Every structure is written in C-alpha cells, then in structure tokens.
There are 4 protein chains.
Amino acid sequence: MIVVMGRESTDNNVDEVIDKLKGWGFGVNLSKGDHKTVIGVIGDRKEEVKSSLEALSYVEKVVSVSQPFKLVSRDFQPEDSVIDIGHTKIGGEELILMVGPCAVENENILIDTAKVAKETGCQFLRGGAYKPRSSPYSFQGLGEEGLKLLKKVKEEKGLSVISEVMDKEQVELVKDHVDVLQIGTRNMQNFNLLKAVGKQEKPVLLKRGMSSTIEEWLMAAEYIMAEGNFKVILCERGIRTFETATRNTLDLSAIPVVKSKSHLPVVVDPSHGVGKSDFVPQMSKAAVAAGADGLLIEVHPNPESAVSDGPQSLDFGGLRKLVKELKEIAPVVGRKL
Amino acid sequence: MIVVMGRESTDNNVDEVIDKLKGWGFGVNLSKGDHKTVIGVIGDRKEEVKSSLEALSYVEKVVSVSQPFKLVSRDFQPEDSVIDIGHTKIGGEELILMVGPCAVENENILIDTAKVAKETGCQFLRGGAYKPRSSPYSFQGLGEEGLKLLKKVKEEKGLSVISEVMDKEQVELVKDHVDVLQIGTRNMQNFNLLKAVGKQEKPVLLKRGMSSTIEEWLMAAEYIMAEGNFKVILCERGIRTFETATRNTLDLSAIPVVKSKSHLPVVVDPSHGVGKSDFVPQMSKAAVAAGADGLLIEVHPNPESAVSDGPQSLDFGGLRKLVKELKEIAPVVGRKL
Amino acid sequence: MIVVMGRESTDNNVDEVIDKLKGWGFGVNLSKGDHKTVIGVIGDRKEEVKSSLEALSYVEKVVSVSQPFKLVSRDFQPEDSVIDIGHTKIGGEELILMVGPCAVENENILIDTAKVAKETGCQFLRGGAYKPRSSPYSFQGLGEEGLKLLKKVKEEKGLSVISEVMDKEQVELVKDHVDVLQIGTRNMQNFNLLKAVGKQEKPVLLKRGMSSTIEEWLMAAEYIMAEGNFKVILCERGIRTFETATRNTLDLSAIPVVKSKSHLPVVVDPSHGVGKSDFVPQMSKAAVAAGADGLLIEVHPNPESAVSDGPQSLDFGGLRKLVKELKEIAPVVGRKL
Amino acid sequence: MIVVMGRESTDNNVDEVIDKLKGWGFGVNLSKGDHKTVIGVIGDRKEEVKSSLEALSYVEKVVSVSQPFKLVSRDFQPEDSVIDIGHTKIGGEELILMVGPCAVENENILIDTAKVAKETGCQFLRGGAYKPRSSPYSFQGLGEEGLKLLKKVKEEKGLSVISEVMDKEQVELVKDHVDVLQIGTRNMQNFNLLKAVGKQEKPVLLKRGMSSTIEEWLMAAEYIMAEGNFKVILCERGIRTFETATRNTLDLSAIPVVKSKSHLPVVVDPSHGVGKSDFVPQMSKAAVAAGADGLLIEVHPNPESAVSDGPQSLDFGGLRKLVKELKEIAPVVGRKL
C-alpha cells in the first residue's frame, strides 16, 4: 500500500503519517521526489487503516498495489509518465531518437554526428565516456574528457545528451555533464548504483539486464523511484537466448507487457538488440509499431573504423534513410516525429 | 554447388549430368520440383567442373552456395519466392492474413469466423483438425471430420484453408482438404514428415521449432525442398527463453535475418508468440513493420469458451480493429492489404 | 484420479467400472499394460466416487494424483520402477552402461566395440540405424541393414541392444531387432510416435527434448504409459542454453527432480550433454553421484574417423579407464557395477 | 603475449622492459601481484620480439596466449593454482566446505552454525552482511554489524570466513573482517568493483553471472588478476535457462571446461543452483565427482524461519548427513576431507 501526500503537505504532515503507521506496527519507506512525496507501507492487514489515512486532509490518495513493484506500477499511477528533459519530453506523443557513437572517441566524430542528428530531427546525442568492456585490455572510454566533449557539443548544437554511469562515484560528475544518465545492462542489478541515481534529480535510462525478466527490470526501476527520483525511462536492448544469428534477441513484446504493468516510458535499442546494422532499420520500425516511446541507435560517421561496436552502427546515410521511414510510420501509430 | 537444369531439359539430360558428376567422383542429390529440376553436388573441388557444366546447353546455371542450406539460400535464388495458392500469393506485395480458431471445434464456429475473415479481407481460414497436446488426456482434435468442415467452409466462403499435419500417414488426407499444410513447432525436425510433405505439391508452412536456431529452421526447409517441393513458407512463432511474462519470446529479428539469407516468404504467428490476446495487436503491427509477408492469428467467436488457447485468441471485435490498423500500416512499408 | 484394477480382474470387470464412471458423467482413459490395467478418470468431483470404487472387490486401489502426469507419478506408484530387459534390469541396484558408436557404420566397428563393452562389464550396445541429421545431405544411417548388424552382434556377444526409432512405421521393424527402443530428443513430442511405442511391449528410452521442461518430458512419458507400455526409461541428454563452450548444458539436477516426482528410472547421456570427449568422464561420474540409474555413452574405436559425433566419442582406452573409475564411485552411492 | 618477470627483478627492470615494449610500438598492461610481476603485451607481431625479451636475465619467461584471457589461462600457468587462506588451502587436495546462512541475521544463529561447521570438519563459515535483493523493500542485510559478528565468530571458532562485497566503497571494510571476499552473480561484470578487489590482497571468490558464458566469467577473473591479485576462486552457482523446476540450472560441466582452460580453483554453490534443499545433497556429491575444489552450501538452524533463501538451506541434520556422504565420495576422486 502506498500513501501519496498532497502537494501542499509539509514535512510535519509526512512525519505525522509515518508516526501513525509505525504506531500501528507497519514498516515504512519514504520517497521524496521533486513533485511527489510518497510513503510505502510494509506489513500485513494494511487495508484496515486505509480509510483512516484517506481521511487526512494532507493525504492525496492511498493506493493498494498487488504487484511487488509499487511506484512503478499502473496501480500507483494509471496515466503514462511523461518525462520532461529540457528541450523535449519522453513518454508523450513525440517519438524520441537518441543517436550517436557507442563510445566518445574524439570531438570531430561527435560534432559530425551531432550535425546529422540535428539535421534529421533527432533530439538526443548519445555516446559512452565510461565503457564497460568484457576485457580489461580493451579501450575503457575517455572518462571525464569524454563527458566534457559531450557537454560542449550539446551546448553548441542544442541537442540533449545521454551517457552511461558505471559507478556510484561517477554519478555526480556524469549528471553535471548530461541530460539523462544511462544505467547499462550489466549494472541493472547493481543496487547501490541504482540507489545513487535515485538520490539525484536527472532522468535515468535503465537498460534491461541481458537475462533479466521484465519483473526484475521493473523492480530495478523501483529501486530508483524508492529513493525519490521518479524520472525513469526503461530501455529494452535484447535478451540472451540460444540464438546466435543475432547478438541478442530483441524482445519487442516487452513493450506492450511493460505498458500494461507500468506507467514508465519505454525506448528500444535495436543496435545492441541485433548487433548488425543491416537489421537495425526493420527492428527500429517494428519497435515504433509495437509502441516504443523512442529509439537508442548507434550511429558513426565511419562504422568500419569505430573503436567499439562498429558492425552494429549505422552510417550517416543509413540514419537519414531510417529517419525518413520512421517519419512515415510514426503518425500511423499516433506518434509525432 | 547446385546445377539448375533448363526448363526444356529432358530426363535424359538430367541422367547425363548425373552420370558426368558421378564419373568425376561427386555425390548427387536430385530435386524434381514442378518448375525446376535441380541437382545438388556433394564433394570437394566442385568449382573445377563448374565451367564444364555451364557449357552444356540444357543446363540453365550452376550456383556456388556457401551456406549449409542450398535450395533455400539467396545464392540459389536471389529474387524473393512468391508462392501461388489458388486465389492468392504469399511473398509478394500482398500482406496475407490467416485467421481462425486454434482447433476446429464445430461447424458454427468455423462459419462465423469465416464470415468475419471474408468481411475484413483476410485471405485464409486456419484451424487445427489434428492437435499436438502436451497431455494425452487433452482434446486431440476432430481429425478427418475437422478437415471436412474446413473444406466445406472453404468452398462456401471462398477462403484458402490451412491446417496442421502431424504424421506422415496423414499427409495424403490433409492435402486433399486444405490449400496449405502446416508443420508444427514440435515437428520441425521430424525429418521423415518433412520428406513426406516435400514429396507432394501443396505449399507447406513450416513453423520454427521453439528452440531452433534460424539455421536449423532453414535446414528443415531444405529437407522439404530437397524432395522437390519448393513452395515453403516459414513461420516465426516465438522461441523459448527464460522470460515467463509471455508464452514465448517472439523473435521478430528472425524476419530480416531470414530475408537476408533466403528467398522464402516469412509469416509471423503473434498469438503463440506472446500467448495473450492483449499483446497480439502491437506484435502484429510490429511484425508487418519488420517485413513479414503475412500473419497467422488465432481468432475465436468466444475466446473464454475455446477448447484450446483461448487466452491468446482475438474475438471478432478484436480482429476487426486489428485489420483496420494493419490496413494503415501496410502501405507505409510497401504492402497491400 | 486413477483406478488400478486387481491382477485377477476380467475384461468384464473393467467394462463394469468404465460403465459406472461414464454413468456418473466422467471421461475415461484405459491403459492395459502387461501387468496392470489402469483406468484414468477425467472430470470434476472425482473424489466423491472414490469410496464406491474402492469397495469393488476387483479394484486394487484408487489413487488421487495432483500432477498433470498420472501413471508417471509417484502418487500412482511410490516405489521405484525396475524394468526387466532380458539379462539385466534398469532402475534397481545395478548401474547400467550403454555404449557404442553414434551411428552403426559397419560390422567390424560394432564387433570390436561389443568386445570391449563385454570385457569392461557394460550391459548394452548402442548404435543408430536411423539417424536424424540436421542436413538432408548428411549420412542418414544404414537403416534395416544396421538393425540386422545390431541383432547379430547382440546374439553373438550376449549384450542387450538399444537403437533409435524415428517414425511410427519403423516401430515394428526396430522392436524385432533390439531390446530397447530409443526416442530421440527431436521426437520427444512426436505424439503419434509416442503412442505407437506405447502400443508395443518392448521398453522405451525417452530422451528429454533439448528445450523441454521436466514436466513436458514426464507428460511425454505419460503418452507412452497411457497406451499400456509401462516400461519407460528417461534419458537426460543436455538442454539448450546460451552457453556455447559445451554442445548442450547437461542438467544433472533433472535426476533428483525426476526421482522426486516419478518412479521411472533415469539414465544420462553425457556425450551429447557436453559434446567433447574430454569432459565425458567427469560428467559420467557426476551423473552417477547425482543418482543416475545408468549412462549412455558414445564409444568408437577411432573417434577421428567416425561418420557422426566423433568429437564426443570415447575411444576404447577412454572407456576402459572410465569404467574403472565408475566401479569405484558406484558402491559409494549404493550402486553395483 | 605475457612477460613474467623474475622474482629478483627490480622496479627498474620492469621499467626497462616496458620502455622497450613501448619503443617497439606495443601497448602494455602491468600486473603487480604479491609473488609475481607480469607485463601484458598488446599489439600485432608480438612473436617477433619474444626471443629478445627471453634473453633478458631478469625475465623469467615469455608466454604466448591464444585466449582472450591471459593471466587466467593454463598457457600462462600450466599447474593448478593453490590458494593459501590462513588455516586452509583451496585448489589442492583438500575439499573445501563453506557453510552458513544466506544472510547474517544474529549472533546466535552464527554461533550455532559455526559449532556444527567445526564439528563436521567444514573449513569456512559463510554469511551475507550486505545482501543484493530484487526488491528495495526486502531486508538489505545487517551491514557492518554483520561483518563484526562474522569476525567475532571466526576468532572464537577458528573458522575462515567469507562474505559478499557489493560495492567498491565496501571493499576496505569487508576485507578487514573476512578471509575471502565474495563477488555476487549480479556483480560479475561490475568492472569497477572487480578492479577494486584486484587492488587488495585478500582472496576473491567470483560467482559466475547467472547468464554469463564461461568465457565472460574467465574475462571477469582476468579483470581482478590484471590488477595484481592472483588469488581468484571461481564459483559456479547455476545459470538461467527456460527450466523452472529448479531455481537455476546448475552447470556442472563448467567444472571440467574451466579446468581445461584455467589454473584457477572452482567451487560450486548447489544451494542457489537448484533452490531446493531436497536436491542439494545429490548435486553436492555430483559437483565433487565432477572435480569441484569445494562447495558453498546454505545452512540454517531453522530454514523455515530464515529471512532469506530458507527453502534452499539445509538444517544441521541435513549438513551432518551430507558431510558424512562427502567423506565417502571425496577419496574416490582423489580428494581429502
């Protein structure tokens, strides 16, 4: 059960509710977001106190939640979350395109990609400054220098910027340079990192773990929201199966499944999903048709020479062609691009 | 390597080529289709005899094939296969919709479904007369009686009809009643059954095994084609993964992957793919956007009372709404409905 | 619910029980085995008639079964099934070793392998006469000639013989040549084949489907038993997962899981499980330690030249060494070899 | 290629080699362990400089490594690693048993479990102070208080102690309280955490990621070793598959596969592998038979009341019985307990 405090409620009001709940023998989880303060109630026989709580003038509503995830669920918030990010919004009518190289390599590549992104109407530039790599001997990213390049290009070109944060200690630095913090697939259950990004206010894009069930994914989002940050964007990026013809198996059915359970926006990363640029356009269109709120696509001016993930990156011609096609399909499913 | 005989070539010509090949020490696999006679060449150093064979007037072409599947591959036939089925064609511009109940239960249900299929512009009625069921104590299908009902409705309503064949012995009977024979997911590697449907001339819809790789699926199609029946339609129906929120994981990336390797048409069965009717419309649209040549959708006048697979069946209202949406999305990806 | 008829019960007695059940509105499934006649009762409110049935003198017992599988379950038969096969028994104290080449290639290989099998104390010779192969162009087995070789060697060497049956039509022929019929992994849900081997009296070794759950596997065994053949041996042979370091992932935990649910014996095929002969000895010992009733191991006099599955076959030296080790480990877990 | 410096080599010698390598255009990775200093050489045409390096008196050997993992591989160290941990050694003849509750709950439970561990001859007490839980609302562990309890019991009872570290920031604290640091399955690719435990000197038990290939697992171990900590113990704990009868699928074939590629010791966690205490004894014995160097087993005085993972925990009677059986099986496979 969740107690949603009214907008005008004071800290004293919150303390009063918590005291009441503890007095009745319940456990309590407090989430203070920018717009909402919410108290999770833990324990049996919660329904019995529901009406007493609803009677309080500074309580907006009391919500029963049947799922293990609470703040994430549609029971808690029936209408879709629309997340405001500077120049754009995710989760509303507009289809969001986040494009760019896997890793930030140098300024020229970023600037060139940003130009094409801007020209084609993409809203976001993506690029990894910290790179999780299977081998300790592979390029690990430019780090802070990469973040600075992202920020510079963002300011010059007026695009929003997203980049990955791999570690609790990087959160402060990354959030000062980007508009959206990305949690990678390998960190989906790095619970301390989830708590850390839940304690700051920038939106968080949470990639599905490569072998996570949808429920585990939503529970990971709950970790972030339980700390007070309600601006969570989910990202399907393919799951691990026995099939080796594609890098992962892109689970597009996750989109309608998530939408039926949660109010959070869902974007799709077809590049990691299939791992081959030839198949990215079809899967991008399919994702939009299945109801995705946006796409995260790897784009590189010269995929053959990319330091990371070249085979799955579109070149500029590929991006231009794809955006053209997406502009045709978007309105058919009620989206604007 | 594959030797494609010219249209005018005689049996004697074929024998001559085979004798030559055997004389040179190669193994031989002969496929006599309605339109094409093809000789597979097995052994090393095949390339050395290529020009000798091409010089023969009654040989159309000699094709090198790098894949383990030969007749199935785009090396053998670069252009898409378009399969003619009485009133319609699969693999061309037209988007094909195959709808109907999981199992043929009685005449009324079939007739009612056929009416709505006809009214909405679906080309095919589907329905199982022989049902593979996990439990020996579950309803096993109406058998021959079910086939007769399908044929009757087909003749009355002018729809094409598709139904499953589970066993070599049923092939003769099933093919006399339907337009397309379906091989189910559990029989994808029932090689004797594949050979049997390869020896008759009706088109075959081959469902992907629930844990088959795309390569194994194409090899299964090769079994059918190697017997001379080139009219094979592939059907993606979801693969088995760790995720339990959906019945299977619908692998839509299989569409572009197959299209890159093979000339055969691909249809998608979103009903088995997700197992819940709520998610069928989104996945149907996504399949079309990803390039599917058609859809196989479970439809039942009253899903709650269906003897099999009710939870994944659309009702008539659901079908009408979905076809309306498909008619909007089809032209955007170059399809007609 | 299952009605087990007494040993002395007549056909008339069986008919009487069936008439009663039908009169009460239940569905009925009759299984006539060599030793037991059993009537499955289908429908709701079965418990109400339990005592009426138990009161009949020619009814041995009436068993409630909570699982979807009935005859297979420990509810139906609490004690382990011990299956008698000529010179040996599977499911009792004796550890059973079934060894031999993947495919029957020629008489010499069979005779040589049979000698080493006999010398080391293995009870069974295995070898495929009909081979399910991914490619239609691969060696498909010697067929009837292979069966004859098996029978000849069996008679000369006094070993039991097991071979695969791929098709309903082969059942008659195969059962005349071998002691145990094998159903391969690809045919685990070929329900018509399961029914066919259920209608004859020779024991059946049922391999787990490569992506079958344990419950589906037990349901497949139920198909055989429901036709009256209670001599079913289960065989774990590895399941399909994302891991590619081994051919399959050998699921040894299936042994205790099956033993907790069913009275049927379980043997393990480590050769297909791991696909590399180097790892076969460790997994063989592990299978025995986990409670397996026997092992099915690929052995070839010269693995490098085997027509099929050479990399996973032990040579004679490897077999001798392994059996020596198994003789040490078997008594520790209460087995005799 | 890897350059292993001689034991007597100085920092100057190391610098000289690095300068040479850089001068020749190679990349360099330096690992300074307690006993070994090792220089990884990155780049093409490495073989050409091998003899020049081997000629240097302070270079012990130069090893070519064909695998992506270097220090982990048997190419680098052909003989088994035996890791010294105070009173015991892992990777040698002795079979190591690590037992205890999933989470440290209170002192009494720890003391009681430690007594039984000691009495039965187990060498290690395990218990989680920091607990990664799917839900933010579940018990997250006692934290530092839990670590103190572990240390106290360790000192009183003379057992070695192992506990999980979830976060880079916890490394310092955890290592001061325990003998072995555990990296959990969800953190197997938390690369910054791997680097952190690689920079301290206590042994690290690295659990396999629940959907990690064996190669990815060995690459994660390489991350630790590349920082200079060579005391890595691998732990197989079950992988995620489609099967739901067990919590995970325990991949015992990982033991011989890892042993063929790496010199590192491998222990097995059958409790998480199967998730049901009924199946733990069989899988424990199987793991030992397959060559495991030790077992990590959940034990609780009263499993029904455990705050976490009760269903998979043995009670004291269960542990006593299992150790008795393990003492019989260990010598058969060349182990001492």
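Reader: What area do chain A and chain B bury between them, and what share of it lies on carbon and sulfur atoms?

Author: In this predicted model, the two chains come together through an interface whose area is summed over both partners. Carbon and sulfur atoms carry 76% of that area, and the total buried between chain A and chain B is about 2,500 Å².

Reader: How many residues of chain A are in contact with chain B, and how do the residues on that side divide?

Author: Contact joins residues of chain A to 33 residues of chain B. On the side of chain A that touches chain B there are 18 nonpolar, 9 polar and 6 charged residues. The number of residues contributed by chain A is 33.

Reader: How many salt bridges does the rule find across the interface of chain A and chain B?

Author: One salt bridge joins the side chains of A:R208 and B:E243, with nitrogen and oxygen 2.7 Å apart. For the interface of chain A and chain B, the rule gives a total of 2 salt bridges.

Reader: Which element gives the most to the side of chain A that touches chain B?

Author: Across this interface the rule also finds 4 residue pairs in polar contact. The elements of chain A that give two or more residues to this side are α8 (254-261), α10 (280-289) and α11 (316-332). With 5 residues, the element that gives the most is α10(A).

Reader: By what turn can chain A be laid on chain B, and which residue of chain A comes closest to the rotation axis?

Author: Chain A can be laid on chain B by a turn of 180° with a shift of 0.0 Å along the axis, and the RMSD is 0.1 Å. All the interface residues of chain A, 100%, are interface residues in chain B as well, so the copies meet through the same surface. At 2.0 Å from the axis by its C-alpha, the residue of chain A that comes closest is A:A286.

Reader: What area is buried between chain A and chain D?

Author: The contact between these chains takes 33 residues from chain A and 33 residues from chain D. Carbon and sulfur atoms give 48% of the area, and the whole is about 2,900 Å².

Reader: How many salt bridges are found across the interface of chain A and chain D?

Author: D:K168 and A:E169 form one salt bridge through their side chains, at 3.0 Å from N to O. Between chain A and chain D there are also 23 residue pairs in polar contact. The number of salt bridges found across this interface is 6.

Reader: Which element gives the most to the side of chain A that touches chain D?

Author: The residues on this side of chain A comprise 11 nonpolar, 12 polar and 10 charged. At least two residues each come from α6 (191-198) and α7 (214-226) of chain A. The element that gives the most, with 5 residues, is α7(A).

Reader: What is the radius of gyration of chain A?

Author: Chain A contains 11 helices and 14 strands, and its C-alpha trace spans about 65 × 40 × 40 Å along the principal axes. For 337 residues the globule rule gives 20 Å, and the value for chain A is close to this, so the chain is as compact as a globular protein of that length. The radius of gyration of chain A is 21 Å.

Methods:
Residues are numbered from 1 along each chain as its sequence is written. Chains are lettered from A and ligands numbered from 1 in the order in which they are written. This is a predicted model: local features need pLDDT of at least 70, side-chain atom pairs count only at pLDDT 80 or more; totals for chains, interfaces and linings use all residues. Side-chain values use heavy atoms; hydrogens and water are left out. Contact means heavy atoms within 4.5 Å. Buried area is the accessible area (1.4 Å probe) that two parts lose on being put together, summed over both. A salt bridge is a side-chain nitrogen of Lys or Arg within 4 Å of a carboxyl oxygen of Asp or Glu. A polar contact is a pair of N or O atoms within 3.5 Å; within protein, one must be able to donate a hydrogen and the other to accept it, and residues adjacent in sequence count only if both atoms are side-chain atoms. Helices (H or I, at least four residues) and strands (E, at least two) are DSSP runs, numbered from the N terminus. Ala, Val, Leu, Ile, Met, Phe, Trp, Tyr, Cys and Pro count as nonpolar, Asp, Glu, Lys and Arg as charged, and the others, Gly among them, as polar. The radius of gyration is taken over C-alpha atoms; the globule rule is 2.2 Å times the number of residues to the power 0.38. Copies are superposed by least squares on the C-alpha atoms of residues with pLDDT of at least 70 in both.
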